[in-house]
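Please open the structure in your viewer and keep the selection panel at hand.

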Amino acid sequence: MELNEQKRKSMFLVVLMGCIITSLLSTAMTTALPLIMESFRVTASVGQWLTSAFSLVVAIVVLASAWLIKRFPTKKLYTSALALFSAGLLMDALAASFPMLLLGRILQACGNGVLMSLSQVVLLTIYPPDRRGAAMGMYGLAVGAAPVVSPTLAGLVADLFGWRMIFIFAFVFSVISLILAGI
């Protein structure tokens, strides 16, 4: 694929932003779980479904993403997955019940599973072979570090502003990424 350097960098940053947001939310619930359990009056074994269901659905969708990538245009699939992730964030920010919160997490996981695979395909496509290693290294570093710092950031946000703000902050950045991806 022939792209000028400016377009390549823009695509890289949009893809990276979307993936960092989705990676952050993969582990954000661990520190917010006690507040959520208290808010919805659920036990730890019920509350844990927010992380377990997320991981399970991501694993299933990652497997299905190869099929999706072959059948849908890249930009449309990327924006659809990011929109699905954003819808899950909004649903969680507005959740009036635990089942609604869990459904929002499942929607996030569906978007996350597609984005994890598709982002790597995009990066491998837009960079020439001699620059793929550096691009994938930067991508891997950012996406790998996000789940590590996420519990600390989520705990700070939840303690200062409430657990819903985790989803609101992520929603804002997700929508910005979605808008940039559509340009």
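Begin by selecting Asn-112, which is placed in helix α6, residues 98-126; helices here are DSSP runs of H or I of at least four residues, strands are E runs of at least two, and both are numbered from the N terminus. The model is predicted, so local features need pLDDT of at least 70 and side-chain atom pairs count only at pLDDT 80 or more, while totals for chains, interfaces and linings use all residues. Residues are numbered from 1 along each chain as its sequence is written, and side-chain values use heavy atoms, with hydrogens and water left out.

Is Asn-112 buried or exposed? Asn-112 counts as buried because its relative accessibility is 3%; buried means under 20% relative accessible area, exposed over 50%, and partly exposed in between, with a 1.4 Å probe and protein chains only. Now display its surroundings. Beyond the neighbours within four places in sequence, Asn-112 is in contact with Thr-22, Ser-26, Phe-54, Val-58 and Phe-85, where contact means heavy atoms within 4.5 Å.

**Helix α1**

Select Cys-19 next, a residue of helix α1. With a relative accessible area of 2%, Cys-19 is buried. Residues up to four places away in sequence aside, Cys-19 touches Leu-115, Ser-119, Tyr-139 and Val-143. For a distance to display, take the C-alpha atoms of Cys-19 and Lys-70: the two residues are 51 apart in sequence and 20 Å apart in space.

Move on to Leu-24, found in helix α1, which spans residues 5-27. Leu-24 counts as partly exposed, at 21% relative accessibility. Which residues does Leu-24 touch, not counting those up to four places away in sequence? They are Ala-146, Val-149, Ser-150 and Leu-153. For Ser-150, the C-alpha atom is separated by 5.1 Å from that of Leu-24, although the two residues are 126 apart along the chain.

**The loop between α2 and α3**

Select Arg-41, in the loop between α2 (29-40) and α3 (44-47). Its phi is near 55 degrees, a positive value in a residue other than glycine. Arg-41 is exposed, with a relative accessible area of 77%.

Then select Val-42, placed in the loop between α2 and α3. Val-42 counts as buried, at 17% relative accessibility. Met-37, Gly-47 and Phe-98 are the residues that Val-42 touches when those up to four places away in sequence are not counted. A distance drawn from Val-42 to Asp-92, C-alpha to C-alpha, gives 16 Å for residues 50 apart in sequence.

**Helix α4**

Proceed to Thr-51 in helix α4, residues 49-71. At 11% relative accessibility, Thr-51 counts as buried. Show its side chain together with that of Gln-48: a polar contact of 2.4 Å joins the two. Such a contact is a pair of N or O atoms within 3.5 Å; within protein, one must be able to donate a hydrogen and the other to accept it, and residues adjacent in sequence count only if both atoms are side-chain atoms. Apart from neighbours within four places in sequence, Thr-51 is in contact with Met-29 and Thr-30.

**Helix α5**

Select Ala-93, found in helix α5, residues 74-93. Ala-93 is buried, with a relative accessible area of 9%. Which residues are in contact with Ala-93 once neighbours within four places in sequence are left aside? They are Arg-164, Phe-167 and Ile-168. Between Ala-93 and Ile-168 lie 6.0 Å, C-alpha to C-alpha, with the two residues 75 apart in sequence.

**The whole chain**

Finally, clear the selection and view the complete chain. It holds eight helices and zero strands. Along the principal axes, the C-alpha atoms fill a box of roughly 55 × 30 × 25 Å.

Colour by burial, and buried residues make up 43% of the 183 residues. Of the contacts between residues at least 6 apart in sequence, 79% join residues at least 24 apart.
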